[in-house]
Amino acid sequence: LGNRPGDVVDAMTGDIIGRHNGLWYHTVGQRKGIGKVMFPLATAHGPWYVVAKDQGRDIVYVSNRYDEDDFARARSEFELEDIRWISGTPPLDVKGTETDAEWSEVRFDLKIRHGPKIVQGTLMLSGDGFTGNVHLDNKDGGLAPGQYVVFYQIGTLECLGAGVISEKHWAKFLQTQHNETSTGEEQELEVKR
């Protein structure tokens, strides 16, 4: 694959705390081995986890607060795209009523990625029923764009369909963090003036 170096950035502060040799060497949720590409002073403040990757700017975002509340929403809510239903259309219980154009929030058993673990959560479809938002009952350790989420009828393991975690997932979190950091810096400047 070769090398394409870039920065390792603290997702909470925006500080550059290391240099990596290529995004493809790191996965969201990774802990093991990330210290090798971080500056020694930053490594001491770990453990660090990969929380996102920016392909356009070759940035690996990491955090030493991955298990704290700062990441609760990013680890339990995400957008899906390219949802496909085995029947060709969304299940009837996802629609409010036959005449209602709005979607209902529906609970499913879900499988994320390739693992054997089944988790529970809700899906709220949007638009034409091929995109939507998922809210998991519990945090997941490695949600990443491009991963599949499979929907099962609760309690039966009857597969109903699947979708792909959108690129918007971590981008939304990082934008929120950037806005909060910018607002905090602006407030600090106001106090100093």
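1. Phe108 is buried, with a relative accessible area of 2%. The model is predicted, and this value, like the others here, is computed from it. Trp85 also counts as buried, at 6% relative accessibility.

2. The count of aromatic pairs comes to 4. In one of them, the ring centres of Trp85 and Phe108 are 6.2 Å apart and the planes stand at 35°, so the pair is tilted. Trp85 belongs to strand 5 (residues 77-85) and Phe108 to strand 6 (residues 105-112), so this contact ties together parts that are 23 residues apart in sequence.

3. Trp85 has a further ring partner in Phe151. Here the centres lie 5.3 Å apart with the planes at 20°; an angle under 30 degrees counts as stacked, so the pair of Trp85 and Phe151 is stacked. This pair links distant parts of the chain, with Trp85 in strand 5 and Phe151 in strand 9, 66 residues apart. Both Trp85 and Phe151 are buried. Taken together, Trp85, Phe108 and Phe151 form one aromatic cluster.

4. Some backbone values deserve a look. Most residues other than glycine have a negative phi, and most peptide bonds are trans. Asp58 is not a glycine, yet has a positive phi of about 55°. Asp58 sits in the loop between strand 3 and strand 4 (59-63). Is Asp58 buried or exposed? The relative accessible area of Asp58 is 15%, and the cut-off for buried is under 20%, so Asp58 is buried.

5. Leu157, again not a glycine, has a positive phi of about 60°. Leu157 is placed in the loop between strand 9 (148-152) and strand 10 (159-165). With 52% relative accessibility, Leu157 counts as exposed, because the cut-off for that class is over 50%.

6. Which peptide bond is cis? The one from Gly46 to Pro47 is, with omega near 10°. Pro47 lies in the loop between helix 1 and strand 3 (49-54).

7. On the surface, Leu1, Trp24 and Tyr25 make up a nonpolar patch, and their accessible area together is about 380 Å². Trp24 is located in the loop between strand 2 (16-20) and helix 1 (40-43). The relative accessibility of Trp24 is 34%, so Trp24 counts as partly exposed.

Key. Residues numbered from 1 in each chain as written. Predicted model: local features only at pLDDT ≥ 70, side-chain atom pairs only at ≥ 80, totals over all residues. Heavy atoms only, no water. Patch = residues over 30% accessible without salt bridge, like charges linked within 9 Å, V, L, I, M, F, W, Y side chains within 5 Å. Areas by Shrake-Rupley, 256 points an atom, 1.4 Å probe, with all protein chains shown as cover. Salt bridge = Lys/Arg side-chain N within 4 Å of Asp/Glu carboxyl O. Helix = DSSP H or I, 4+ residues; strand = E, 2+ residues; numbered from the N terminus. Buried < 20%, exposed > 50% of the residue type's maximum accessible area, 1.4 Å probe, protein only. Phe/Tyr/Trp six-rings, centres within 6.5 Å; stacked < 30°, edge-to-face > 60°.
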